[in-house]
Amino acid sequence: MMMSRLMLASWETIFHRSLMMAQGTCSAAEYQRMGMEKAAAMQSSVTALMTGRGQAAVLAPFVTRARANAKRLRRRK
């Protein structure tokens, strides 16, 4: 279930951001956010992995951020 949520939220986020890029409305802050959120999610994920908290805890940072981005970008319209 978690992988499905991640997949759907990621696709929606990619769609919105690609549209913004194509229209030339993607701000420098949004570009910076793309990189920063990946690094933060990876750090949380590696910490969960190294402490043996399980697969759900390893995926959770990515799912949380992808869903938040999809929701935020959906409201941007």
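Start by selecting the contact between H2 and H3 in this predicted model. On the H2 side, pick Glu30, Arg33, Glu37, Ala40, Ala41, Met42, Ser44, Ser45, Ala48 and Leu49. Their partners in H3 are Ala57, Val58, Pro61, Phe62, Arg65, Asn69, Arg72 and Leu73. Colour the selection by residue type, and the contact of H2 with H3 splits into ten nonpolar, five charged and three polar residues.

Next, switch to a cartoon view and show H2 as residues 28-50 and H3 as residues 55-75. Two packed helices are described by the distance between their axes and the angle between them. Here the axes of H2 and H3 come within 6 Å, with a crossing angle of roughly 155 degrees. H2 is therefore roughly antiparallel to H3, since angles over 145 degrees count as roughly antiparallel.

Now move on to the largest pocket, which holds about 260 Å³ of space. To centre your view there, select Ser10, Arg17, Glu37, Lys38 and Ala66, the closest to the pocket's centre among its 15 lining residues. You have already met one of these, as Glu37 also belongs to the H2 side of the contact with H3.

H1 provides the largest share, with seven residues. For a last stop, colour the lining by type: seven residues are nonpolar, four are polar and four are charged.

Methods. Residues are numbered from 1 along each chain as its sequence is written. This is a predicted model: local features need pLDDT of at least 70, side-chain atom pairs count only at pLDDT 80 or more; totals for chains, interfaces and linings use all residues. Side-chain values use heavy atoms; hydrogens and water are left out. Axes are lines fitted to C-alpha atoms, for helices over the stretch in contact, and angles run from 0 to 180 degrees between N-to-C directions. Helices (H or I, at least four residues) and strands (E, at least two) are DSSP runs, numbered from the N terminus. Angles under 35 degrees count as roughly parallel, over 145 as roughly antiparallel, 65 to 115 as roughly perpendicular and the rest as oblique. Contact means heavy atoms within 4.5 Å. Ala, Val, Leu, Ile, Met, Phe, Trp, Tyr, Cys and Pro count as nonpolar, Asp, Glu, Lys and Arg as charged, and the others, Gly among them, as polar. On a 1 Å grid over the protein atoms alone, a cavity is a set of points where a 1.4 Å probe fits but cannot get out, and a pocket is an open set with protein on both sides within 12 Å along at least five of seven lines; lining residues have an atom within 4 Å of a point. Grid points are joined across faces, edges and corners, and a volume is the space filled by probe spheres set on the points.
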